[in-house]
Amino acid sequence: MTGLFNVVLPVFLVLGFGYVVSWRGLFGESAVDGVMRFAQNFAVPVLLFQSIARLDLSAEFNLPMLAAFYAGAFASFGVGVWGARKLGRAPQDAVAIGFVCLFSNSLLLGVPITERAYGAEALSGNWAIISIHSPMLYTFGITVMEFVRARGQNLSVGRVAGRALTGVLRTPLVIGILSGLVVNLGMQAGLVLPGGFWDAVAMMAKAALPAALFALGGILYRYKPEGDSRAILLCCLASLVLHPAIAYGLGRGFGLDDSALRSAVMTAAMAPGVNAYLFASIYGVAKRVAASAVLVATAASILTISVWLQILP
């Protein structure tokens with residue numbers, strides 16, 4: 001148990017540090033926003049670029065692993081939407097709540113915890129999942145929301161899909177991923193980039209996770225759990241229990257090796273990320289549920305992640 005605690009603790013200490021200094025007024029909201037903007041718009045996209053550019057695409061895109069993870073993600077979305085409607089939420093609210101259940105914090109929590117638990121060499125599966133995580137799930141979420149909003153507006157399918165695609169392609173994380181894929185393919189075709197370029201990329205990438213975790217703590221301080229307790233509980237159960245349980249069951253059924261199973265389950269076991277709240281904010285629906293679910297699930301994941309670490313081989 002001490003070993004498991006040491007795996008999880010450092011990640012949440014950095015996050016908690018950001019929370020405490022914000023709580024004590026030592027780091028203002030504008031400063032927190034600046035650090036998060038640096039992390040999400042620049043450092044994290046560079047980290048994604050570096051990881052995807054150097055990923056062995058033919059070896060690491062394990063389709064059964066991806067199927068296990070994403071089947072759990074979409075099942076969680078479906079449960080979230082269904083549960084929200086049963087709780088009497090409006091259709092747009094239900095989509096936003098479903099997105100909270102869908103979008104696990106695969107990068108800011110999943111990568112450092114998996115690395116600390118199993119070593120840097122265990123991250124190949126994580127990067128394969130992450131390489132399509134934001135593009136696929138943002139496209140899916142935005143498309144569903146746009147179709148729900150378009151009811152009665154007589155908009156064509158093409159126009160709704162165009163809105164969704166435009167929104168996704170403007171996301172810095174997606175830009176970093178696509179740029180990494182382009183460079184990866186270029187390197188396979190003989191492209192050689194100078195060592196100084198990769199050294200600069202590495203410097204930026206090293207700043208990404210600590211800065212993002214610290215800023216995440218500062219942002220979580222703003223969102224106090226209030227009201228909507230049943231919807232918040234729904235999001236927590238879908239994210240922390242249902243998603244990883246499906247990934248684990250399917251992974252075992254597909255016969256995944258230990259490394260692939262760990263990547264699928266540990267990524268699925270992460271709490272919803274701030275992007276889930278940002279999605280709700282874009283459309284102005286279910287923001288209180290999204291913010292509270294991110295905060296409560298992140299705190300609860302300290303325990304649930306430890307459980308999944310004990311279950312996994």
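Contact, in this talk, means heavy atoms within 4.5 Å. With that in mind, consider Pro64, which is in contact with Phe254 and Leu256, leaving aside its neighbours within four places in sequence. Please keep in mind throughout that this is a predicted model.

Let me stay with Pro64 for a moment. Pro64 lies in helix 4. Its relative accessibility is 35%, and the cut-offs are under 20% for buried and over 50% for exposed. Pro64 therefore counts as partly exposed. Along the chain, Pro64 and Leu26 are 38 residues apart, and their C-alpha atoms are separated by 47 Å.

I now turn to the chain as a whole. How many helices and how many strands does the protein chain have? There are 14 helices and 0 strands. Read from the N terminus, the order of elements is accordingly α-α-α-α-α-α-α-α-α-α-α-α-α-α.

As to overall dimensions, the C-alpha atoms fill a box of roughly 55 × 50 × 45 Å along the principal axes. The radius of gyration is 19 Å, which agrees with the value near 20 Å that a compact globule of 313 residues would have. Of the 313 residues, 51% are buried. If we take the contacts between residues at least 6 apart in sequence, 85% of them join residues at least 24 apart.

Which residues have the most contacts inside the largest nonpolar core? They are Val44, Leu107, Trp127 and Met266, in a core of 99 residues. Another core, of 5 residues, lies apart from it, and Phe49, Val183, Trp198 and Val201 are among its members. Returning to Leu107, and not counting residues up to four places away in sequence, we find that Leu107 touches Val44, Leu47, Leu48, Pro112, Trp127, Ile130 and Leu209.

Met266 leads us to helix 12, where Met266 is one of the buried residues. Helix 12 spans residues 258-268 and is mostly covered, with 8 of its 11 residues buried. Besides Met266, the buried residues of this helix include Ala260, Leu261, Ser263 and Ala264. Against which helices do the buried residues of helix 12 pack? Their partners are helix 4 (63-86), helix 6 (110-118), helix 7 (124-149), helix 11 (229-254) and helix 14 (287-311).

Next, I would like to examine Val32. Val32 is found in helix 2, which covers residues 29-53. Is Val32 buried or exposed? Val32 is buried, since its relative accessible area is 2%. Setting aside neighbours within four places in sequence, Val32 is in contact with Ser22, Phe27, Ala215, Gly218, Ile219 and Arg222. One of these, Ile219, is 187 residues away from Val32 in sequence, yet their C-alpha atoms are 7.0 Å apart in space.

Gly249 provides another point of reference. Gly249 lies in helix 11, and at 40% relative accessibility Gly249 counts as partly exposed. Between Gly249 and Val32 there are 39 Å from C-alpha to C-alpha, with a separation of 217 residues along the chain.

Not counting residues up to four places away in sequence, Met187 touches Ala53 and Trp198. We have already met Trp198 among the residues of the 5-residue core. Met187 and Arg54 are 133 residues apart in sequence, whereas in space the distance is 8.9 Å, C-alpha to C-alpha.

I close with a detail of the backbone. Where is Ala286 found? Ala286 is in the loop between helix 13 (274-283) and helix 14. Although Ala286 is not a glycine, this residue has a positive phi of about 50 degrees. At 10% relative accessibility, Ala286 counts as buried.

Thank you for your attention.

Definitions and conventions. Residues are numbered from 1 along each chain as its sequence is written. This is a predicted model: local features need pLDDT of at least 70, side-chain atom pairs count only at pLDDT 80 or more; totals for chains, interfaces and linings use all residues. Side-chain values use heavy atoms; hydrogens and water are left out. Helices (H or I, at least four residues) and strands (E, at least two) are DSSP runs, numbered from the N terminus. The radius of gyration is taken over C-alpha atoms; the globule rule is 2.2 Å times the number of residues to the power 0.38. Buried means under 20% relative accessible area, exposed over 50%, partly exposed in between (1.4 Å probe, protein chains only). A nonpolar core is a set of buried Ala, Val, Leu, Ile, Met, Phe, Trp, Tyr and Cys residues joined through side-chain atoms within 4.5 Å.
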